Amino acid sequence: MAVLMVTTLYALLFIGGEILARAFGVSPEITRRYVHLLSGLIAAFFVLWLSREEIIWLALFFLLFLFVSRRLSLLRSIHMVRRAGWGELFFPAGVGLAAFLYL
């Protein structure tokens with residue numbers, strides 16, 4: 001149940017970023033920061049709700065989801081920044097690796 005809650009939180013976060021970018025014309029530079037900041041805050045509390053294995057599987061799921069999203073340009077609010085960057089992929093990979101090594 002906690003995994004569903006966390007996945008829903010992230011889905012709402014991504015949808016919020018897309019609404020800000022597409023409907024209100026907010027720059028991807030700002031929406032990307034917004035998504036990263038709130039993603040980090042949510043991830044900081046993972047250990048309260050999720051087991052080590054759940055965190056790792058969730059990180060792998062979001063790594064795959066964001067990779068596909070990047071290839072298909074689904075989340076413009078995250079992927080359409082002017083500079084080349086892979087932070088949206090390194091973030092879930094780092095969370096999963098941290099859970100694997102330290103929990």
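Trainee: Why is the crossing of α4 and α6 called left-handed?

Mentor: The model is predicted, with local features needing pLDDT of at least 70 and side-chain atom pairs pLDDT 80 or more, while totals for linings use all residues. Residues are numbered from 1 along each chain, and side-chain values use heavy atoms, without hydrogens and water. A crossing is left-handed if the near helix is turned anticlockwise from the far one by less than a right angle; the crossing of α4 and α6 is therefore of this kind.

Trainee: What makes α4 roughly antiparallel to α6?

Mentor: Helix α4 (residues 52-72) and helix α6 (residues 87-102) pack at about 165°, with axes 8 Å apart. Angles over 145 degrees count as roughly antiparallel, so α4 and α6 are given that description.

Trainee: Which classes of residue form the contact of α4 with α6?

Mentor: The contact residues divide into 13 nonpolar, one polar and three charged. Ala, Val, Leu, Ile, Met, Phe, Trp, Tyr, Cys and Pro count as nonpolar, Asp, Glu, Lys and Arg as charged, and the others, Gly among them, as polar.

Trainee: What lines the largest cavity?

Mentor: A cavity is a set of points on a 1 Å grid where a 1.4 Å probe fits but cannot get out, and lining residues have an atom within 4 Å of a point. The largest cavity, with a volume of about 190 Å³, is lined by 16 residues, among them Leu 66 and Pro 92. Helix α6 gives the largest share, five residues.

Definitions and conventions:
Axes fitted to C-alpha atoms, helices over the stretch in contact; angles between N-to-C directions. Helix = DSSP H or I, 4+ residues; strand = E, 2+ residues; numbered from the N terminus. Parallel < 35°, antiparallel > 145°, perpendicular 65-115°, else oblique. 1 Å grid on protein atoms, 1.4 Å probe; cavity = no way out; pocket = protein on both sides within 12 Å on 5 of 7 lines; lining within 4 Å. Points joined across faces, edges and corners; volume = space filled by probe spheres on them.
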